[in-house]
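Take a look at the model below. This report covers charged residues first, then the chain as a whole, then some backbone details.

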Amino acid sequence: MKDKEFKPAMYVDKSLRLVPIAVMLLSLCALSFYLGGIFCSEKNRLVLEDKTSLGPVQVGCNIAEVKSKKFEECSSDYQDYTPCTDPKRWRKYDAHRLAFRERHCPPLSERVECLIPPPEGYKIPIRWPKSKDECWYRNVPYEWINNQKSNQHWLRKEGEKFLFPGGGTMFPNGVGEYVDHMEELIPGMKDGTVRTALDTGCGVASWGGDLLDRGIITLSLAPRDNHEAQVQFALERGIPAILGIISTQRLPYPSNAFDMAHCSRCLIPWTEFGGAYLMEIDRVLRPGGFWVLSGPPVNYENRWHGWNTTIEEQKADYDALQGLLNKMCYKLYNKKDDIAVWQKSLDSGCYASREKTVYPPECDDSIEPDAAWYVPMRSCIVKPNPNFKQLGVGQTPKWPQRLKVAPERVRTFSGGSDGAFKKDTTQWVTRVNHYKTMVPDLGTDKIRNVMDMNTLYGGFAAALIDDPLWVMNVVSSYGLNSLNVVYDRGLIGTYNDWCEAFSTYPRTYDLLHLDGLFSAESHRCEMKYVLLEMDRILRPTGHVIMRESPHFVNSVKNLATGMRWNCHQGDTEDAKNGDEKLLICQKTDWRSSKAASE
C-alpha cells in the first residue's frame with residue numbers, strides 16, 4: 001500500500017511537466033510586455049536641462065492615431081456657455097456665501113460634445129487699442145447691464161456698438177482721474193515698483209484697462225452673475241479678466257503674487273465669516289503690497305446718507321475693518337476722500353510680536369501657501385517666508401527689469417534654478433521669432449488676447465512683451481507649481497486642470513499656445529474634450545500654435561478637421577528635432593446653420 005501510494009509521487013507525466021514551464025513563459029512574456037510599455041513611454045520622455053519631466057511623449061510606439069470625427073453645432077442656447085459656472089446648475093449647490101457661483105464642473109456624462117456657435121450678427125472684434133473704448137453690440141448683446149449701469153457711465157449703447165466712457169460707481173468723472181488720485185496716494189505706481197494688480201468685482205474692467213497704459217497689468221476678477229457678462233465685456237475690450245468669486249475656495253493664484261489689490265464698491269463683506277475674504281486677499285498680496293478700497297465704509301462721514309444706512313453703522317463697519325487690518329499687520333498707508341490705502345507689512349517683525357492668542361491666528365505649517373486649486377479658504381494669516389529677501393514690493397526689481405531676473409522662488413520646485421530660468425528665457429525668444437514666421441498675425445493688432453495653456457516660467461509671454469498683446473499664463477494644477485515665478489517676473493496667470501473647462505466665456509482668446517500639453521496630460525484627459533474647450537474659448541479666425549510629438553500632432557490634426565479648423569504641420573525652430581513638431585491651426589469664421597430654424 002505504501003509502495004502504491006509512493007509511486008505517483010515518484011512518477012510525473014511528461015505532459016504535466018510542461019505546465020509550469022508554460023506558466024513561466026507566459027509570466028516572462030507579460031513582464032516583458034509591461035517593461036516594454038514602460039520603456040516605450042519613458043524613452044521619449046521630454047527632458048529639459050534643469051527642468052522636471054513634463055510627462056511621457058509617446059513617440060515610436062505602436063499607438064493608434066485618433067480618427068477624424070465631425071462635431072455638430074450646439075444650439076444657440078449655448079452661445080455663452082460657461083461649463084463650470086453654468087447658471088442652469090446653480091440650484092444644485094449651496095447658497096451660503098454664494099458658493100453656488102464658484103466652479104462646479106459637469107460630470108463626464110453631462111459634457112457637451114458640440115461646437116459653441118457665435119451669437120447672431122457676430123463680428124470679428126474691434127482691434128486694440130480702439131477696442132478699449134468700444135465693441136460690437138452683437139458680440140455681447142446684453143441690454144440689462146446697459147440699462148442698469150449707463151447712468152454710472154460704465155458703458156452706453158450707440159447704434160451697433162457699446163461705448164466705454166471709463167466711468168464707474170466710484171469714479172463718475174472717469175477712470176483716468178480716479179487713477180491719477182490713486183497715484184498721488186501710491187507713488188510706486190508711477191516708477192515700476194507696482195506691476196501686478198488684482199481687481200475684485202471689476203465691472204467692465206475700466207480700472208484695469210487704464211492701468212495698462214501706465215505699465216501695470218491687472219487681472220480683473222468677477223463672478224458670472226446678474227450683470228450678465230462683466231468678464232466677457234472686459235475680454236471683448238482686450239483687457240485681462242477671468243471668472244471667479246471670493247467665496248469658500250482659495251483664488252487660483254499662488255501666495256505673494258500681486259503688488260496691489262483693489263476693490264471699488266465691490267460690496268464684499270470683508271469682516272464677515274471671521275475675515276476670511278480679507279485673509280485670502282492677504283494670502284495673494286506680496287509683502288509690502290497695497291490694498292486699495294474705495295466705497296463703503298471709506299469716507300463714511302460724508303457718504304453715509306447715500307448708502308441707505310446710518311452714520312453709526314458705517315463708522316462701526318470702518319472701525320471693525322481697521323481693527324482687523326491692524327491685527328493682520330497692515331497699516332493705513334494713505335487716505336483721501338473716497339480712497340483708502342493700506343500696506344501689508346514688509347518685514348516679519350510685526351508677525352513675531354503678535355501674541356499667539358490674537359485673532360486671526362497664523363496658518364500652521366501643514367497649510368501650503370501656494371496650494372490654490374479647489375483648496376478651502378482658511379481664516380488664518382499666511383506668514384511670508386523670511387528666507388526670501390527680494391519678495392516684497394520695493395525689494396523686487398522694478399518693472400521692466402524684473403521680467404528677466406531669476407526670482408528667488410525659482411528654486412522652490414524640482415528642477416528650478418537660475419540657470420534653467422535664463423536658458424528658458426533665451427530659448428523662448430528664438431521660438432517666438434520662429435512662430436512669427438508661421439503665424440504672421442502674431443505681433444500685429446490682429447492678436448490681442450493670448451493664452452499659454454501650460455507654461456513653466458512664463459517664457460513665451462516674456463518673449464512677446466513688446467507686442468500689442470497680453471498673455472494669460474496657465475500652470476497645470478497637476479504639474480510643477482511654478483506660477484509664483486510667473487508673478488515674480490511681473491506677469492499674470494492662473495492654475496487650471498485641462499480635464500475641466502477654463503473660467504472664461506466663449507470667444508475670448510485670439511491665440512492659444514500649447515507646449516507638450518497632450519504629452520503631459522493625455523493619461524488623464526481625453527483629447528477631444530480638451531480640443532472642444534479650446535474651440536469654445538477661441539474666437540472665430542483665432543489661432544492655435546501647438547508644439548508636440550508627431551503622434552499627437554497627427555491626432556489633433558485629425559480631430560481639428562471635424563471642428564472646422566484649418567491646420568498645417570511644420571518644423572520647430574530646430575528642423576533636425578524629430579521628437580517635436582508644430583501644428584498651426586486657425587478656427588474658421590463659421591455661423592450657425594441652426595439659428596434660422598430655431
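## A buried charge without a partner

Glu408 is buried (under 20% relative accessible area, with exposed meaning over 50% and partly exposed in between, for a 1.4 Å probe and protein chains only), yet Glu408 has no salt bridge. A salt bridge is a side-chain nitrogen of Lys or Arg within 4 Å of a carboxyl oxygen of Asp or Glu. The nearest side chain of opposite charge is Arg411, 5.3 Å away. Here Lys and Arg count as positive, Asp and Glu as negative, and His and the chain ends are not counted.

Glu408 lies in the loop between α10 (349-353) and α11 (418-438). Helices (H or I, at least four residues) and strands (E, at least two) are DSSP runs, numbered from the N terminus. Leaving out residues up to four places away in sequence, Glu408 touches Asn387, Phe388, Lys389, Gln390 and Leu391. Contact means heavy atoms within 4.5 Å.

This is a predicted model: local features need pLDDT of at least 70, side-chain atom pairs count only at pLDDT 80 or more, and totals for chains, interfaces and linings use all residues. Residues are numbered from 1 along each chain as its sequence is written, and side-chain values use heavy atoms, with hydrogens and water left out.

## Charges that pair up

How many salt bridges does the structure hold? There are 40. Three of them are set out here.

| Salt bridge | Closest N and O atoms |
|---|---|
| Arg103 with Glu500 | 2.9 Å |
| Arg286 with Asp259 | 3.3 Å |
| Asp497 with Arg524 | 2.8 Å |

Start with Arg103 and Glu500, which form a salt bridge. This pair links distant parts of the chain, 397 residues apart. Arg103 sits in the loop between α2 (14-43) and β1 (134-136), and Glu500 in the loop between β13 (493-496) and β14 (509-515). Arg103 has 15% relative accessibility, so Arg103 counts as buried.

Next come Arg286 and Asp259, joined by a salt bridge. Arg286 lies in strand β8 (residues 285-294) and Asp259 in strand β7 (residues 258-264), so the pair ties together parts that are 27 residues apart in sequence. Both Arg286 and Asp259 are buried. They also belong to a network of salt bridges that links Asp259, Arg286, Arg402, Arg409 and Asp488.

Asp497 is in the loop between β13 and β14, while Arg524 is in the loop between α14 (517-521) and α15 (527-537). Arg524 is partly exposed, because its relative accessible area is 25%.

Glu533 is found in helix α15. At 7% relative accessibility, Glu533 counts as buried. Beyond residues up to four places away in sequence, Glu533 touches Pro83, Trp498, Glu500, Ala501 and Phe502. The C-alpha atoms of Glu533 and Ile116 are separated by 9.6 Å, although these residues are 417 residues apart along the chain.

Thr85 lies in the loop between α2 and β1. Thr85 counts as buried, at 7% relative accessibility. With neighbours within four places set aside, Thr85 is in contact with Trp90, Arg101, Glu102, Arg224 and Leu243.

## The chain as a whole

The chain has 16 helices and 17 strands. Of its 598 residues, 55% count as buried. Among contacts with a separation of 6 or more, 70% come from residues 24 or more positions apart.

## Backbone details

Two cis peptide bonds can be pointed out. One runs from Pro296 to Pro297, with omega near 0°. Pro297 is in the loop between β8 and α8 (300-303). Another joins Tyr359 and Pro360, with omega about 0°. Pro360 is in the loop between α10 and α11.

Now look at phi. Leu98 has phi near 60°, a positive value in a residue other than glycine. Leu98 is in the loop between α2 and β1 and counts as partly exposed at 38% relative accessibility. Asp337 has phi near 55°, again positive in a residue other than glycine. Asp337 lies in the loop between β9 (330-336) and β10 (339-344). At 55% relative accessibility, Asp337 counts as exposed.
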